[in-house]
Amino acid sequence: MIYSRLPLLYITKSAIPTLLGGGIVFVGYEIASGSEEFHKKALSVARDYIDGETGHRYAVLMAKYGIMPLWGDNKKEYDTLKTTVFGREFKNPVGLSAGFDKNGEAIPALRKSGFGFIEIGSVTPRPQPGNPKPRVFRLDNDEAVINRYGFNSQGVVPVSFRVKDSFDPLNPVPLGVNLGKNKDTVVAEGDYEIGVHQFGQFCDYLVVNVSSPNTPNLRDLQEKENLEKLLLTTKKTIELEKQLSGKQPLLMLKISPDLYDDSKHDIAQIVTNKKYGVDGLIISNTTVSRPFSTGNRDEVGGLSGRPLKQLSTQVIRDMYDLTKGKIPIIGVGGISSGEDAYEKIRAGASLVQLYTAIVYQGFPVIGRVKRELDVCLRKDGFKNVSEAVGFDHKK
Ligand SMILES: Cc1cc2nc3c(=O)[nH]c(=O)nc-3n(C[C@H](O)[C@H](O)[C@H](O)COP(=O)(O)O)c2cc1C
């Protein structure tokens, strides 16, 4: 009996290299072609074996080494999606939001990934480890994530070297650098000044991030007096930097979705006042509320992904109203399809960003959002994105 099985064993053994080789070619092809189904299924299997933070690390490494869709919908661009915001051209309005590439390790590959713009960070002046692990939790049923990284950052020095080296004239995809503060810094303005000096001349925009929920007291910087002081200092530093280098990045303010109405009013007044030099709003960061979420909902931290979608869209709507559409908004929170992006654009966003959808759909989500957004726009008779910005308010 045993002997009669030996030939089969031999065939099976000799087939292993062929099967392995075939498997590698198959997986390589599916990744390179950006197959949406393959990525979703592979990620759902991987999530059973890999914790949230390790998965994030692998994703950054894959991006860094260009293990991403090389052709297919990610690479397609659409006339409807070309847009000019802040006087700058974007090949499409779909960007990568902060937190994915915190240390700017994958900028060249991300510029080629199909995004219309990318944002790295948050970067703190000095390196810091962030909160103890575990600190990233996936909520698979909700396609959401709760994170309490707490600004783990390599600090401005190594990140600014990477940013300086990253400019690619063949892929001039706009780059934003999101600035955070060190946990133990008492006078916050100084930390943002350092960020401006380090990155100001090498990026297209800087983000004053006062909305991450995982750094104690950071969100207090959204209060009127604190914010006015912080923005005035940042603006002065940008002007000084311009005198020195001749270059001036745009200044964005990233806000929380958990603001009270009073704070929204105050912020609207501040950002529409030229004195503070704010060019755009990024709405929103993660939420400390727990709308609809299940699974790890009791973990402390900021919730992102699908359950954040309505909340962030509502804040976009409110801020567009309060600012009378005078200040461009980058809408972010729970975008995982073209329809989601379209909703935020009609609510008032000129550009959009995403992050958590990559956890569940991989990089092909970029191609999907662009393709579906083009369909949504054409279906409603818009010639381009800018015609649809804030359209809900005009009805
Ligand atoms: C794991 C993780 C880390 C993040 N880190 C940052 C960060 O360092 N700075 C920041 O401004 N936003 C950070 N964000 C928030 C995102 O940029 C984005 O505002 C938020 O996740 C909502 O978008 P999404 O639902 O598409 O993920 C992080 C989000 C996640 C999921």
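Mentor: Begin with the cavity: on a 1 Å grid over the protein atoms alone, it is a set of points where a 1.4 Å probe fits but cannot get out, and lining residues have an atom within 4 Å of a point. A volume is the space filled by probe spheres set on the points, which are joined across faces, edges and corners. About 30 Å³ of space lies in the largest cavity. This is a predicted model, where local features need pLDDT of at least 70, side-chain atom pairs count only at pLDDT 80 or more, and totals for chains, interfaces and linings use all residues. Residues are numbered from 1 along each chain as its sequence is written, and side-chain values use heavy atoms, with hydrogens and water left out.

Trainee: Which residues line the largest cavity, and what classes do they fall into?

Mentor: The lining consists of F86, R88, F90, P174, D204, Y205, L250 and M252. By class, 6 are nonpolar, none polar and 2 charged. Here Ala, Val, Leu, Ile, Met, Phe, Trp, Tyr, Cys and Pro count as nonpolar, Asp, Glu, Lys and Arg as charged, and the others, Gly among them, as polar.

Trainee: What makes the other space, of about 240 Å³, a pocket?

Mentor: A pocket is an open set of points with protein on both sides within 12 Å along at least five of seven lines. The space of about 240 Å³ is in the second largest pocket. Its lining has 15 residues, with H56, R57, N103, E105 and N152 nearest the centre. The classes there are 3 nonpolar, 5 polar and 7 charged.

Trainee: Why is T124 called buried?

Mentor: Buried means under 20% relative accessible area, exposed over 50%, and partly exposed in between (1.4 Å probe, protein chains only). T124 has 0% relative accessibility, so it counts as buried.

Trainee: How do you know that the T124 side chain makes a polar contact with R126?

Mentor: A polar contact is a pair of N or O atoms within 3.5 Å; within protein, one must be able to donate a hydrogen and the other to accept it, and residues adjacent in sequence count only if both atoms are side-chain atoms. The T124 side chain reaches the backbone oxygen of R126 at 2.7 Å.

Trainee: Which polar side-chain atom lies 2.9 Å from an oxygen atom of the ligand?

Mentor: One belongs to K102. The side chain of K254 also has an N or O atom 2.9 Å from a ligand oxygen, and a polar backbone atom of S284 is 3.0 Å from one.
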